[in-house]
Amino acid sequence: MGQYDKAFELYQRAVAMSEADSLLEVGLSLFYGIGTKKDLKAALNCFKQIIKAKPSSVTEYCREEAYYMLGIASLEGKSTKKSLTKAR
């Protein structure tokens, strides 16, 4: 597990240096509990930040993945009220 912990730490450093795409990795790590304690609320916050970011600061893939993860969370009712409408 040591490598996952280190990766999570490095992604956090990248986010602190305004590397917005690394925010996706932080969010995924928090969502699944890889390299850190699972924190769904913080993960969803990361995904929302990506979506709200200026288009020039994140890649299209990153933004689409953030939408996907929010959809999965809404569909499964994780840390949010289960909603098929929001999931779509």
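This is a predicted model: local features need pLDDT of at least 70, side-chain atom pairs count only at pLDDT 80 or more; totals for chains, interfaces and linings use all residues.
Residues are numbered from 1 along each chain as its sequence is written. Local features need pLDDT of at least 70 and side-chain atom pairs count only at pLDDT 80 or more, while totals for chains, interfaces and linings use all residues; side-chain values use heavy atoms, with hydrogens and water left out.

**Exercise 1.** Find which residues Lys6, Glu9 and Arg13 pair with by salt bridge, and state how far apart the closest N and O atoms are.

*Solution.* 
1. Apply the rule: a side-chain nitrogen of Lys or Arg within 4 Å of a carboxyl oxygen of Asp or Glu.
2. Lys6 pairs with Glu9, with the closest N and O atoms 4.0 Å apart.
3. Glu9 also pairs with Arg13, where the closest N and O atoms are 2.6 Å apart.

**Exercise 2.** Is Arg63 buried or exposed, and which side chain of opposite charge is nearest?

*Solution.* 
1. Locate Arg63 in helix α4, residues 60–76.
2. Arg63 is buried (under 20% relative accessible area, 1.4 Å probe, protein chains only).
3. Lys and Arg count as positive, Asp and Glu as negative, with His and the chain ends not counted. The nearest side chain of opposite charge to Arg63 is Asp21, 8.0 Å away, and Arg63 has no salt bridge.
4. A polar atom of the Arg63 side chain lies 2.7 Å from the backbone oxygen of Ile51.

How values were computed
Helices (H or I, at least four residues) and strands (E, at least two) are DSSP runs, numbered from the N terminus. Buried means under 20% relative accessible area, exposed over 50%, partly exposed in between (1.4 Å probe, protein chains only). A polar contact is a pair of N or O atoms within 3.5 Å; within protein, one must be able to donate a hydrogen and the other to accept it, and residues adjacent in sequence count only if both atoms are side-chain atoms.
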